[in-house]
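Welcome! Let us take a friendly walk through this structure, starting with a pair of helices and moving on to the sheet.

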Amino acid sequence: MTRRFLFVLGSARAEGNTELLARRAAEQLPPDVEQQWIDLTEHPLPDFEDLRHDSDHVRPTEGSLALLLDATLAATDIVIVTPLYWYSVSAQTKRYLDYWSGWLRTPDLDFKATLAGRTLWGVTALAHREEVVADPLVGTLHNSAAYMGMRFGGVLLGNGSKPGDVLNDTEALTRAKTFFTQEAPPARFLYEQD
């Protein structure tokens, strides 16, 4: 299967530090790897309604929901591109992940089986020198990948607050050059690891 990367942009700021870092990493992908970039501010999702115990789950056929669902299903690699907001993912990103719950229950979609074995990655910029403060964000993505039976490539972290700051983070830019070349192991919950 040809690799197809979906970059889900979850920042409230266009061309912010997180997106700049993600684009630097994406520049390193081979030219035959397809890339699709979807900005959640340009394709806003409605509030997620939990219909888990109802029977009217319908596959979306138009609008932002259909675009994101189809792009997610088509991707071999999903890259969550979100700044660190209050120590986790942005509200837009969380809403996108919430929709995974609904897609799990959509008849004839096989959402979980389709994503199993594919790879989830993260890219984030934070305005803090201690990267450990991003652990909740990393945990959110890692556990989501584990639940879905996906691989987890980790999170590329960069430092920046003002627009363009991340371009001064030479360590992050160096990591970006090889970020997508690393082997992504199957994600496992912490309690499953020895």
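Which residues in α1 meet which residues in α6? In this predicted model, L21, R24 and A25 are the residues of α1 that meet A172, L173 and A176 of α6. Sorted by class, this contact has five nonpolar residues, one charged residue and no polar ones.

How do the two helices lie against each other? Helix α1 spans residues 17-26 and helix α6 spans residues 170-178; their axes are 7 Å apart and they pack at an angle of about 40 degrees. The two are therefore oblique to each other, and their crossing is right-handed.

Now for the sheet. Five strands form an open sheet with parallel pairing, in the order β2-β1-β3-β4-β5. At the edges stand β2 (34-39) and β5 (151-159); each has a single partner strand, so one side of each is left without a neighbour in the sheet. On average, and with direction ignored, neighbouring strands are turned by 15 degrees against each other.

Look at one pairing in detail: strand β1 (residues 4-9) joins β2 in the parallel sense over six bridges. Within it, F7 has W37 in β2 as its bridge partner.

Two helices lie across strands of the sheet, as the table shows.

| Helix | Lies across | Angle |
|---|---|---|
| α2 (residues 63-74) | β1, β2 and β3 (77-81) | about 150 degrees to β2 |
| α5 (residues 135-148) | β3, β4 (119-126) and β5 | about 165 degrees to β5 |

Conventions:
Residues are numbered from 1 along each chain as its sequence is written. This is a predicted model: local features need pLDDT of at least 70, side-chain atom pairs count only at pLDDT 80 or more; totals for chains, interfaces and linings use all residues. Side-chain values use heavy atoms; hydrogens and water are left out. Axes are lines fitted to C-alpha atoms, for helices over the stretch in contact, and angles run from 0 to 180 degrees between N-to-C directions. Helices (H or I, at least four residues) and strands (E, at least two) are DSSP runs, numbered from the N terminus. Angles under 35 degrees count as roughly parallel, over 145 as roughly antiparallel, 65 to 115 as roughly perpendicular and the rest as oblique. A crossing is left-handed if the near helix is turned anticlockwise from the far one by less than a right angle, and right-handed if clockwise. Contact means heavy atoms within 4.5 Å. Ala, Val, Leu, Ile, Met, Phe, Trp, Tyr, Cys and Pro count as nonpolar, Asp, Glu, Lys and Arg as charged, and the others, Gly among them, as polar. Two strands pair if DSSP finds at least two bridges between them.
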